[in-house]
Amino acid sequence: MKKSFVYSILAIALIIVSAPFAFAAAEAAAGVDYTKAIVLGCALLGAGFAIGFGAVGAGLGLGQATSGASNAVGRNPEAQGKVMLTMMVGMAMTESVAIYALVISLVMLFANPIVKMIGLG
């Protein structure tokens, strides 16, 4: 099970990574520079990884916060107000990680500084 999952992930990653090169090969045959396709393909890949890791990290953090708050309220029900307030602040801080990842992904997709730097945009 684990081995097939790893092979599936590797196959998907290989397809995603090789797609820009396949599209660029058709343009290269016509004498077109394919640097932009490679840069944009890498930007798409990086944006996907950024939002993916950001969402996973935020999800794990929110789960840990909720678990800890539930345990604390279960042990001491009188402290529910303080625990919930602290949990909400912590969850807001944790959710900001996912928002930062989204911002980084959008910058990589729509305002890519590398494309502007090498003069392709």
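**Ground rules.** I number residues from 1 along each chain as its sequence is written, and side-chain values use heavy atoms, with hydrogens and water left out. As the model is predicted, local features need pLDDT of at least 70 and side-chain atom pairs count only at pLDDT 80 or more, while totals for chains, interfaces and linings use all residues.

**Confidence.** I looked up pLDDT (the predictor's confidence in each residue, from 0 to 100). The chain average is 83, and 87% of the residues score at least 70. Helix α1 (residues 2–29) is lowest, with a mean of 75. Helix α3 is highest, at 89. Helices here are DSSP runs (H or I, at least four residues), numbered from the N terminus.

**Nonpolar patch.** I found L44, I51, L102, L106, L109 and F110 forming a nonpolar surface patch. Together they have about 570 Å² of accessible area (Shrake-Rupley, 1.4 Å probe, only the protein chains shown counting as cover). Patch residues have over 30% relative accessible area and no salt bridge, with nonpolar side chains joined within 5 Å; a salt bridge is a Lys or Arg side-chain nitrogen within 4 Å of an Asp or Glu carboxyl oxygen. α2 (35–75) and α3 (80–110) each supply at least two residues. α3 gives the most, with four.

S105 is buried because its relative accessibility is 5%. I then listed its contacts (heavy atoms within 4.5 Å). Leaving out residues up to four places away in sequence, S105 touches A47, A50 and I51. The S105 side chain reaches the backbone nitrogen of I51 at 3.4 Å.

Technical notes
Patches are made of residues with over 30% relative accessible area and no salt bridge: like charges are joined within 9 Å, nonpolar side chains (Val, Leu, Ile, Met, Phe, Trp, Tyr) within 5 Å. Buried means under 20% relative accessible area, exposed over 50%, partly exposed in between (1.4 Å probe, protein chains only). A polar contact is a pair of N or O atoms within 3.5 Å; within protein, one must be able to donate a hydrogen and the other to accept it, and residues adjacent in sequence count only if both atoms are side-chain atoms.
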